[in-house]
Amino acid sequence: MTTIEYYYSAHSAFAYLGSRRLYEICGQHSITLVHKPINLSPVVEAQGSLPFRDRTQAHVDYFFGREIERWAEYRDVPVIKYRPTYHDADYSLASGMIAALGSSGPDLDAFAHAILEAHWRDDADLSDQATLIAIAQHCGLDGSALAEQGTGPEAQAKVASNSEDARGLSVFGSPTYVVDGDPFYGQDRLELIERAVQRPFGATCWVNPPVN
């Protein structure tokens, strides 16, 4: 069975925009989706990407504004019309709760999507334990137990390990999907991923000059 490794942050706009379509592709082609929640900033900054605060206004308005609007309309996904109020809050508990549910399965799929949706549709604070417990309860899970597990060393170590794996793969953004070792960055690559799981792309032979 084909496996997709799914590297994303619990507060990622583009992971949210592609979430439902990703699940559809996995269901249609009997793919096992392996969730890999990560600590995003250290991962992308390790590849030389600028933190949000250091990017230009034009870059922010386009990639974290207009692109979100267009893809939300294209994929028929509801989003708020501004950067979430608590987007810079600590989302380690949300990541840990996702990790505590395991690596794959319908409960994990539903909960991960609900976390992303709450943040980008409802402006939820993903650092607030009561909010996360309520999201879990709405998904039919034991929210209090999951929150306790999410703060535990096993779940947090799993997120840290995922983040190290992402750095090793030179992941520079969320979401990144890895199909048989071949990474695809961005939910706008989901159509390419669907092609890859049916008929893999040829091996890369591209050579670039060194980047200074």
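Analyst: **Contacts and packing**

E117 touches Y16 and D122, leaving aside residues up to four places away in sequence; contact means heavy atoms within 4.5 Å. The model is predicted, so local features need pLDDT of at least 70 and side-chain atom pairs pLDDT 80 or more, while totals for chains, interfaces and linings use all residues. Residues are numbered from 1 along each chain as its sequence is written, and side-chain values use heavy atoms, without hydrogens and water.

E117 belongs to helix α5 (residues 106-122); helices (H or I, at least four residues) and strands (E, at least two) are DSSP runs numbered from the N terminus. With 19% relative accessibility, E117 counts as buried (under 20% relative accessible area; exposed is over 50%, partly exposed in between; 1.4 Å probe, protein chains only).

V34, in strand β2 (residues 32-37), is also classed as buried because its relative accessibility is 18%. Its contacts, again without residues up to four places away in sequence, are T3, I4, E5, Y6 and S103. V34 and E5 are 29 residues apart along the chain, yet 4.8 Å separates their C-alpha atoms.

The axes of α7 (residues 143-151) and α8 (residues 153-168) come within 4 Å and cross at roughly 60°. The two helices are therefore oblique to each other, the class left after under 35 degrees (roughly parallel), over 145 (roughly antiparallel) and 65 to 115 (roughly perpendicular). Axes are lines fitted to C-alpha atoms, for helices over the stretch in contact, with angles from 0 to 180 degrees between N-to-C directions. Q149, G150 and T151 of α7 meet P153, A155 and Q156 of α8.
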